[in-house]
Amino acid sequence: ILRLNDAKAPCLLDLTGALGVTLNGLCLDGANLGAGVHGVFADNPDYGKTEHTPRIERCRISRFSGDGVRLKRIWCFSIRSCMLSHNTGNGVWIRGWDGFLLDNWLSCNGGAGYAAFEENLSVTMTGNRIEWNQAGGIVCRGGGHYNITGNYIDRSGGPGIWFAPRG
């Protein structure tokens, strides 16, 4: 268990600039500290010349005052068999493309289970349980080329799946 102990920190784990990182079997606990503190965070300045390829697997990421996972300008990512719940923000927030969300539980977040409001493309979402999120299940603006198959979306405070044009 890795538990946040600084309410002024921007995140618990910062993957900015990292290539090929794997997080496996961790419990990340935000302890409801601070405002806008994310669990796993990346704020890359650009998309770079090679894929970032972070893999987040079999992790529990909960009780953050921001998003459970927030990845900006990310290229080739996967989130598998994770529980992202009880975060004040979204379970997962993405700005990027070429991603996989497989067999996750995105539940009881203050925002959406999955959110993407800036450029977002080519994401496969299969076998996820997305429920009890206050702002909706899957909420995207300006996205495209999504493969959304076999997900269970229930009791969202907003739309189950919402795609809006960019602008």
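I began at strand β1, which is joined to strand β4 (residues 27–29) by two bridges, the two running parallel. I counted two strands as paired if DSSP finds at least two bridges between them. Arg3 has Asp29 in β4 as its bridge partner.

I note here that the model is predicted, so local features need pLDDT of at least 70 and side-chain atom pairs count only at pLDDT 80 or more, while totals for chains, interfaces and linings use all residues. Residues are numbered from 1 along each chain as its sequence is written, and side-chain values use heavy atoms, with hydrogens and water left out.

**Open sheet.** I followed the pairing onward from β1 and found seven strands in an open sheet, ordered β1-β4-β7-β9-β11-β14-β17, with parallel pairing. Its edge strands are β1 (2–3) and β17 (152–154), each of which pairs on one side only. As background, strands of a sheet pair through backbone hydrogen bonds, either parallel or antiparallel.

**Ser85.** I then looked up Ser85, which lies in strand β9 (residues 83–85). Ser85 has 0% relative accessibility and counts as buried (under 20% relative accessible area; exposed is over 50%, partly exposed in between; 1.4 Å probe, protein chains only). Its side chain makes a polar contact with the side chain of His86 at 3.1 Å. The criterion for a polar contact is a pair of N or O atoms within 3.5 Å; within protein, one must be able to donate a hydrogen and the other to accept it, and residues adjacent in sequence count only if both atoms are side-chain atoms. I also listed contacts (heavy atoms within 4.5 Å): leaving aside neighbours within four places in sequence, Ser85 touches Ile61, Ser62, Arg63, Ser107, Cys108 and Asn109.

**Strand β15.** I checked β15 (residues 136–141) next and found five of its six residues buried. β15 pairs with strand β12 (residues 112–116) in the parallel sense over four bridges, and Ala116 stands opposite Cys140. Four bridges also join β15 to strand β18 (residues 161–164), again running parallel, with Arg141 opposite Ala164.

**Cysteines.** How many disulfides are there? With a disulfide taken as a pair of cysteine sulfur atoms within 2.5 Å, I count zero. For Cys11 the nearest cysteine sulfur, that of Cys59, is 15 Å away. For Cys140 the nearest is that of Cys76, 18 Å away. Cys11 is buried at a relative accessible area of 10%, and Cys140 is buried at 0%.
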